[in-house]
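Thanks for coming, everyone. Please bring the model up on your screens. I'll walk through a few places in turn.

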Amino acid sequence: MSEIDADLVGQEIREQEAVSPPDTDAHVGRSLLRKEDARLVTGQANWTDNIQLPGMLHMAVLRSPMAHARITHIDVSGALEQPNVIAAFSGADLAEDWASALPCAWPVTEDIVIPDHWPLATDEVRYAGDGVAVVIARDRYSAADALETIEVEYDPLPVVTGMEEALKDEVLVHSDKGTNRSYRFAMESGDLDGDFAGEDLVVLKRRFIQQRLIPNAIEPRAVVVAPIAAAGEYTLYSATQIPHILRVMLSLVNGIPEHKLRVVAPDVGGGFGSKLNVYAEEALALAVAKRLGRPLKWTESRSEGYLTTIHGRDQIQDLEISATRDGIVKGLKVDLKTDMGAYLQLVTPGIPLLGAQMFNAIYKFSSYSFSCTGVFTNKTPTDAYRGAGRPEATFAIERLMDDLAAELGMDPVELRRRNWIQHAEFPYDTISGLQYDSGNYEAATDRALELFDYDGLRAEQRQRRESGDAVQLGIGVSTFTEACGLAPSRALGEGNYGAGGWEAASIRMLPTGVAEVVTGSSAHGQGHETAWSQIAADALGVGYDDIDVLHGDTKVSPVGMDTYGSRSLVIGGIAVQKAAERIVDKARKIAAHMLEADEGDLEFDRGSFRVKGSPEASTTIQDVAFAAFTAHDLPEGVEPNLYADCTFDPINLSFPHGTHLCAVDIDTETGFAKIRKYVSVDDVGSVVNPQIVEGQIHGGVAQGIGQALYEEAIYDEDGNLTTGTLVDYLVPAAPDLPAFITDRTETPATTNPLGAKGVGEAGTIASTPAVVNAIVDGLRHLGVTDVRMPCTPERVWRAIHDTGTGQTASAAATRTAQPGQEVSA
């Protein structure tokens, strides 16, 4: 058995022993198989594109091939002559159908520039893919074919795709605004002047580039609208993460009363933030279905999605750090430029600010400044992508800490130990204004180092350097924390966010003793039906299979704030637990009446109420549910049902953390970097279902590795997306990834009764800097101090040869650093 296999098997045994002890029948903490998977893996899922309605029509969108141009003429009449075509509309044709432009719900500063963003362009197109017309036909292929017959004449305008060039305002994306700067946000804390002034300080300045990424959910976006014209009612099915928010926003955009609009998110195949939006196609489908009085469907192609679904990241990060020569960090300055694209989508301007208070990470800085400039360019709009601002912050600070360690001749783990918040110091008020409630960075790091064999790999690295091996070993470290569970509502209001941070749940105990849990969280792969069943089953004392979880339909679940930002368990799950506790409280009143006892004399355990001291006097919660249904003999003032609701608004964010370590073999002759070993030890607080946690970590790490090694959206100087298909945009598959060695420590959150913290974004946040740090570490003795992401073989090879030495590992062997030291090229 290999070392990795042994570690994996050992971890599996430890996990089973830890979460499935034989003397408990609790559901929380056990790796129960997911309820959702039976239908998902047997072809019984109900994806939006699967929906077929009588008389349904299909919509196709004509998109601009130019990144910036005036529309001087458009004629859709040719499309109307094509087979099976029912209608065709230009932007001007539909201009009166909009009550408002597409929303931006996060105006982060008072003077922010928010251009009108209409579902179809009428005067100018501002990025390649901007919609200009739609065709409606009896099938999707006829609609797509008819697009070619629409005549559009464009007057090309200058294009700007780079942020620094855009800020010169020589080429304007929105000429009526007079600037390409959407906003500038700044904050500062502590004595920065003092922390950067001492002669005995080490000061480093670095620039890092967060490349633009394209989300790749396994299910493309899709919309189906079913109108009931006579009643003025509409049901919209969408592959969305946010059915409740979408309902509110489309009501405003399309001018349809909210109570006349039902939004359903059926089974949704992944989102990663890309489906956390109000898209033009959703508004278009609703408007056209309203006009025609017919059901309508639109489903994007993969290449269409690359042009029009939001992109992620795309930042220029300028940082400056000061530290004492014995490795104590002092001040940190962060200045960001972030690419908004051509328009502001739902929360575009706020995404980089989600990292504003996270650049200081787990370290005890005494001063800090952060500034961010949002910039318009002629590119696809950006918005939330898994991690949303926090991966960018973690990458920058973790790269910076490795560079500081090298400058000081210090081991990168030791530098982190000297500066992180100690376990005994929690709760801890950070320099950026957050209060971390709990954490144990020491325990997570110690466990990761043990699983990784850190000392052994460092010894091997020294040996390879001394021997001049052409394949060098790099070791990367990432010790991270994140803020997730976007809340509380009062704090969001202070940040001018356009919604609250609460979540809702209701529970109905049915007469036969089973329960329906209705949640405002809307799953798209996270396992809500499983985890919510575990929570409710334990709280109510009923069987796991006796719980049915309902979600994603605003008629079934009318109140909710949906799913994003690792908020579901720490907010939505807590709402479920509290609703269950209210069920038990009401059931206690009825049970006391049934048993002719005082409420205070009743004990509740595993679904049964017992009179203290008289265990034979008991009744079950199922019996109480039936008694509430018949209502033959209820206490005075008790309504005849066993229902309860809860809307939970947390008092703080949650702060998961962890340590990720990566070992990379780097062929210095070809530049090829291969991950040899990857260890992650995460602390996500108390765990409801370990298997779900493992799945989230594995998927997140894979996406983070994708950014580090493979993925980049590239535009040419004319604003054309040159990586517009999966042929050109490389997404890692299983053969490209190593086996992950994972483990957990558990430091419960103190801000919610489950002790849970978010997990959905942790792997993505931690993994990217771990991989890039490993590559730079493996080449630092050759004079390499950075490799821009993605670290392709060509970029790694060029980094080696652009150091000025032109030397490979064997040629540089005589300059090998001694243990604990770094020697510059």
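R184 stands opposite T373 in β15. That pair belongs to β7 and strand β15, residues 367-376, which pair in the antiparallel sense over eight bridges. Two strands count as paired if DSSP finds at least two bridges between them. Helices (H or I, at least four residues) and strands (E, at least two) are DSSP runs, numbered from the N terminus.

This is a predicted model: local features need pLDDT of at least 70, side-chain atom pairs count only at pLDDT 80 or more, and totals for chains, interfaces and linings use all residues. Residues are numbered from 1 along each chain as its sequence is written, and side-chain values use heavy atoms, with hydrogens and water left out.

Back to the sheet. It is open, with five strands in the order β7-β15-β14-β13-β8, and its pairing is mixed. Which strands stand at the edges? They are β7 (181-189) and β8 (201-213). Each has a single partner strand, so one side of each is left without a neighbour in the sheet. On average, neighbouring strands of this sheet are turned by 10° against each other, direction ignored. Axes here are lines fitted to C-alpha atoms, for helices over the stretch in contact, and angles run from 0 to 180 degrees between N-to-C directions.

Now follow the chain out of β15. A388 lies in the loop between β15 and α10. Most residues other than glycine have a negative phi, and most peptide bonds are trans. A388 has a positive phi of about 50°, although it is not a glycine. Buried or exposed, then, is A388? A388 is buried, with a relative accessible area of 6%. Buried means under 20% relative accessible area, exposed over 50%, partly exposed in between (1.4 Å probe, protein chains only).

Next, the helix pair. The axes of α10 (residues 390-408) and α11 (residues 412-419) come within 9 Å and cross at roughly 110°. That makes α10 roughly perpendicular to α11. For the terms: angles under 35 degrees count as roughly parallel, over 145 as roughly antiparallel, 65 to 115 as roughly perpendicular and the rest as oblique. From α10, E398, M401, D402, L404, A405 and L408 meet P412, L415, R416 and N419 in α11. Contact means heavy atoms within 4.5 Å. By class, the contact has six nonpolar, one polar and three charged residues. Ala, Val, Leu, Ile, Met, Phe, Trp, Tyr, Cys and Pro count as nonpolar, Asp, Glu, Lys and Arg as charged, and the others, Gly among them, as polar.

The peptide bond from F426 to P427 is cis, with omega near -5°. P427 lies in the loop between α11 and β16 (428-429). Another cis bond runs from A487 to P488, with omega near -10°. P488 is in the loop between β18 (471-481) and α14 (489-494).

On to the cores. A nonpolar core is a set of buried Ala, Val, Leu, Ile, Met, Phe, Trp, Tyr and Cys residues joined through side-chain atoms within 4.5 Å. Which residues touch the most other members of the largest one? Of its 143 residues, they are L332, F359 and I775. Helix α19 (residues 762-779) gives the most to this core, with ten residues. F359 touches residues including L332, Y368, F370 and A393, not counting residues up to four places away in sequence. A second, separate core of 45 residues includes I535, V549, L569 and I621.

Two hairpins next. Strand β22 (residues 602-605) and strand β23 (residues 608-611) pair in the antiparallel sense over four bridges. E603 stands opposite R610 in β23. The two strands form a hairpin with two residues between them, and R606 in the turn has a positive phi of about 55°. β23 also pairs with strand β24 (residues 614-620), again antiparallel, over four bridges. There R610 stands opposite S618 in β24. In that hairpin, which has two residues between the strands, G613 takes a positive phi near 85°.

Last stop. P735 lies in the loop between α18 (690-709) and β28 (740-744). P735 is exposed, with a relative accessible area of 76%. How far apart are the C-alpha atoms of P735 and L782? They are separated by 30 Å, and the two residues are 47 residues apart along the chain.
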